[in-house]
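The following exercises concern a single protein chain. Each task is followed by a solution in steps.

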Amino acid sequence: MEENVPPIIAEPSAKRIEVEVLPPVPGESTGFQGAQAAPPPRKTAYKIAMFLAVLADAIQIGLFPIFGPGFISPANIILDVLAFALFWRLVGWHPALLPGFLFEQLPLVDLAPTWTLAVWIAIRRNSRAERGTEIHPLSGP
């Protein structure tokens, strides 16, 4: 009796496939449109963040009767949450943003330019790190 045995192949034969990659035709979509719309450079984002920080502090100081009560003022909470989220988006996470947010919730302390100071600290540290300058924790400004 002869069994139905598949043939044994001694060596696997590798197939070679050659692919030619052509450059895209000018004006035709390549599918990578998101890569072309890169976010603005960090320097521009830092300038925008600093401008908005000064603006947020000026609004809180200029409209003191609305923002004066501190943590019981809904306008103060809304402005501070929006500012915190916006600065986090523009500057990235930095430990100086959290104390800035917490100090903004205290009555009369929010009259100090805490957002401006927090963003300035975050930008200063990040811009030094981008330049490659080593920052020693005990060194002065």
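A nonpolar patch is made of residues with over 30% relative accessible area and no salt bridge, whose nonpolar side chains are joined within 5 Å. The model examined here is predicted.

**Exercise 1.** Determine how many helices and strands the protein has.

*Solution.* The count gives 6 helices and 0 strands. Read from the N terminus, the elements follow the order α-α-α-α-α-α.

**Exercise 2.** Identify the residues that form a nonpolar patch on the surface, and state which helix supplies the largest share.

*Solution.* The patch consists of F51, L55, I59, L63 and I66. Together, these residues have about 440 Å² of accessible area. Helix 2, which spans residues 42-62, contributes the largest share, with 3 residues.

**Exercise 3.** Classify F51 and T114 as buried or exposed.

*Solution.* Begin with F51, a residue of helix 2. Its relative accessible area is 56%. Exposed means over 50%, and therefore F51 is exposed.

Next, consider T114, which lies in helix 6 (residues 114-131). The relative accessible area of T114 is 12%. Buried means under 20%, so T114 is buried. Leaving aside residues up to four places away in sequence, T114 touches D57, G100, F103, E104 and V109.

Key. Residues are numbered from 1 along each chain as its sequence is written. This is a predicted model: local features need pLDDT of at least 70, side-chain atom pairs count only at pLDDT 80 or more; totals for chains, interfaces and linings use all residues. Side-chain values use heavy atoms; hydrogens and water are left out. Patches are made of residues with over 30% relative accessible area and no salt bridge: like charges are joined within 9 Å, nonpolar side chains (Val, Leu, Ile, Met, Phe, Trp, Tyr) within 5 Å. Accessible areas come from the Shrake-Rupley method with a 1.4 Å probe; for residues, only the protein chains shown count as cover. A salt bridge is a side-chain nitrogen of Lys or Arg within 4 Å of a carboxyl oxygen of Asp or Glu. Helices (H or I, at least four residues) and strands (E, at least two) are DSSP runs, numbered from the N terminus. Buried means under 20% relative accessible area, exposed over 50%, partly exposed in between (1.4 Å probe, protein chains only). Contact means heavy atoms within 4.5 Å.
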